[in-house]
Structure formats: C-alpha cells, structure tokens
Amino acid sequence: MRDIPEIVIVGAGIGGCIAAIALAPYYRVMLIDKYAAPQAKVGECLAPAASRILHKLGLSSLLEQGHLQSHGILSYWGSNEPSIADNLPNPDGLGWHLDRQLFETQLREAAKQRGVKCVWPAQLIDAAKTTSGWTVQIQTAEAYMCINPMLLIDATGRQSALARVLGAERHSDDRLISLWLTALVTVQKQLSVLSHTERGWWYSAPLPTLPDVAMTGAAANVPYLNLGPSIAKPRLFAWQVMAPEFDKTVAHCPQAFLEAASLVPGFSTLVDQVVPGSATLHGIVAANSARLEQVAGAGWFAIGDAALCFDPLSSQGMFNAMATAMQLADLLIEYGLSDPQTTPAYQQQLDNIWRHYLRHRQFYYGLAVQA
C-alpha cells in the first residue's frame, strides 16, 4: 500500500513540481509529465515574492547559480519618456530572470529528492471517478500503469488537459499572442525594456543562457560569447499583439522580426547590437488571459496556468503557478484529501485572484491608452 500514490499530479512544470514538493512530506505523491525533460518556453521573469515560497520549501539555493537577478525595467509604458522601475524598495528583494529550462530541471530533481514518484515521459490515458477516488491509466515508454489515487491535480498549463477531460469549461478573455526571439547582444546594461505601440507591446530582457533550441554555431553551449572588447550576452525579445492585428511578415525570419523591433521606442540600440547570425525565432505562443470556470471538482483541482492564465504584462505567470500550488497544498495539508469544504474554499481563493488581476490589467492598459 505504501507504493500506491494518494495524489497524482499531471504536469511537471513549475506549478506541478512545487505542489509535489509541498505535499510530499504528508502524502504519497506521483508526478507525471509527457516530456522527458523541460522544454524551451517564453517567460523568464520570476517575481520577488516567489522567494517566500522557495524559502518555505527549502529551495532558495536553486536561484544561487544559473539565474540572473533582475535589475529593473526601462519602461516606455504610459509615457513617451522612459522611466526606470526596480524592486529596490521591495521587502522581498529583487526578482530574477530565470534560465527556465534549468529551473524546471532543478525542481524536477528536488521533487525526486523529496520522495515524489516521478514518471516521465508518460501520458495520462484515462481517469475515471470511483467511490473511493480514481482509476487512472498511464502509458510510459516501458509499460502501461493502472493506479488508484484519491486525488488528481491538473498542472498541464494552458491546455488544462485533465480538467477539460473531466468536463470543466475554459474561457478566453482575449486573443493575445506572443512571438518571441532570442539572440546574443553586445550590450552591457542588464535592464529589461518594455514599450507600448499602436499594435501591441514589446518586451526584451537579459537571459542567463540561450534556450537549448537556439544553441547553434558559435553560441553553442555557452552563456556568453567573447567578441574582443565586447561581451555578447543572451537576450529575449517578444512582441505581444492581438491575433487579428498580427503582421505575419514579422514572423517570416529573424531579420524581419528585428527590423520591426528596431522601430519600437527603446529597442533600436538593442537591435543594433544583436550579433549577426545569433538570432532564433521560436514561433507564436498563446498569451491571452483565460481561466477555467470551475478550477476544482470532486477529487480534482487545477493549478497555475491550467486554472488561470495571466497576460505576460503582469509578470506573474510563474509566481501564480507557485502560489496556487501552495494555496492548494496548504488546504490539503490542513483539511485532508476528502474534506468537502476544500473545493469551494479553493474555488473562492482563485475567484478572488482573478477579480484582482482583471482590475490591475484594466488599470495598466488604461495607462497605455492615455499616453
């Protein structure tokens, strides 16, 4: 019986790993993911408040190597003149620009070390409710597994793959998409840049290293490239725009993307310093605000992007994954796996988060319209 998991978490991203690590001292937890290793993703900014969660879980050391502290943002948002926003007054300290793949790898390893049964690559085939929990069918490369946990947690990101199979409806609030590019740039200042235009907004930030998919040629396997007196450092560029306003020509090649970026306030200097041949387009990804109408049900819960998706302008995506994972873990630790009050309590918590988020989103986009 000790080998039978009480909780199965589907999705070993940031939210899934945090939930598994938080719950592992109290329950038998299985964590599954369809990928054998974390994939390259856009979104590297981790809010300072995340340090509280990492400290609580004994994971603060994960940020000591391989990640960059955030020095602040050069912002053209709501003004034609740039301003610098930083976290120096923040009681939680500075934020971070993460090597996203490294961070998720670190969390996976931490989950293993805490006694979580980790299975990947693995695919959830079916989940059927029973009187005592679930019958879950999982397919791995080596075997077919049928297990009977008491509780399921959906941490599959924007797909909400598990929750939607269970009948939960997902609602999109807008049609925002993001096109992103990484490159080596010979710039010394490590500030992020944020700029609003008539068609969407642009963001650029330093990266600790290039994603694996971009490591080719001279840039392969190194976090920076020596170029005589200059140092080329990895950087992210992203254009966020509503789908109907998207200019497909910008996505044809890295040069077309960079030419469009060079016209954006605050970006021309960055584009001028891109190392020729180092830019890689990573394609278009969804960036819209969205939510599950029902984030929990009988014996299941959704966390992170599977429950609530935020506009990247908020820089709260990864923190939201961590925070919702901890909120759920705290409820399950305090009340157990079968208390009927846990579901409405968690639903109310996330409903409050969503309302708060919508007010803030309206306020900040309103600033851009007034400029």
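## Helix α1 against helix α7

Helix α1 passes helix α7 in a right-handed crossing, where right-handed means that the near helix is turned clockwise from the far one by less than a right angle, and left-handed that it is turned anticlockwise. Helices here are DSSP runs of H or I with at least four residues, strands are runs of E with at least two, and both are numbered from the N terminus. The contact joins Ile 14, Gly 15, Ile 18, Ala 19, Ala 22 and Leu 23 of α1 to a set of α7 residues that includes Met 318, Ala 321, Met 322 and Ala 325, with contact taken as heavy atoms within 4.5 Å. By class, this contact of α1 with α7 has 13 nonpolar residues, 1 polar residue and no charged ones; Ala, Val, Leu, Ile, Met, Phe, Trp, Tyr, Cys and Pro count as nonpolar, Asp, Glu, Lys and Arg as charged, and the others, Gly among them, as polar.

## Basis of the model

This is a predicted model, in which local features need pLDDT of at least 70 and side-chain atom pairs count only at pLDDT 80 or more, while totals for chains, interfaces and linings use all residues. Residues are numbered from 1 along each chain as its sequence is written, and side-chain values use heavy atoms, with hydrogens and water left out.

## Helix α1 against helix α3

Helix α1 (residues 14–23) also packs with helix α3 (residues 100–113), at an angle of about 25° and with the axes 9 Å apart. That angle makes α1 roughly parallel to α3, a term used for angles under 35 degrees, and α1 passes α3 in a left-handed crossing. On the α1 side, Ile 14, Cys 17, Ile 18 and Ile 21 take part, meeting α3 residues among which are Phe 103, Glu 104 and Leu 107. This contact of α1 with α3 has 8 nonpolar, no polar and 3 charged residues.

The side chains of Lys 41 and Glu 104 meet in a salt bridge, at 3.1 Å from N to O, the rule being a side-chain nitrogen of Lys or Arg within 4 Å of a carboxyl oxygen of Asp or Glu. Lys 41 lies in the loop between β2 (29–32) and β3 (45–46) and Glu 104 in helix α3, so the pair ties together parts that are 63 residues apart in sequence.

## Two backbone details

The peptide bond from Trp 120 to Pro 121 is cis, with omega near -5°, and Pro 121 is found in the loop between β8 (117–119) and β9 (122–129).

Ser 160 has a positive phi of about 45° although it is not a glycine.

Notes. Axes are lines fitted to C-alpha atoms, for helices over the stretch in contact, and angles run from 0 to 180 degrees between N-to-C directions. Angles under 35 degrees count as roughly parallel, over 145 as roughly antiparallel, 65 to 115 as roughly perpendicular and the rest as oblique.
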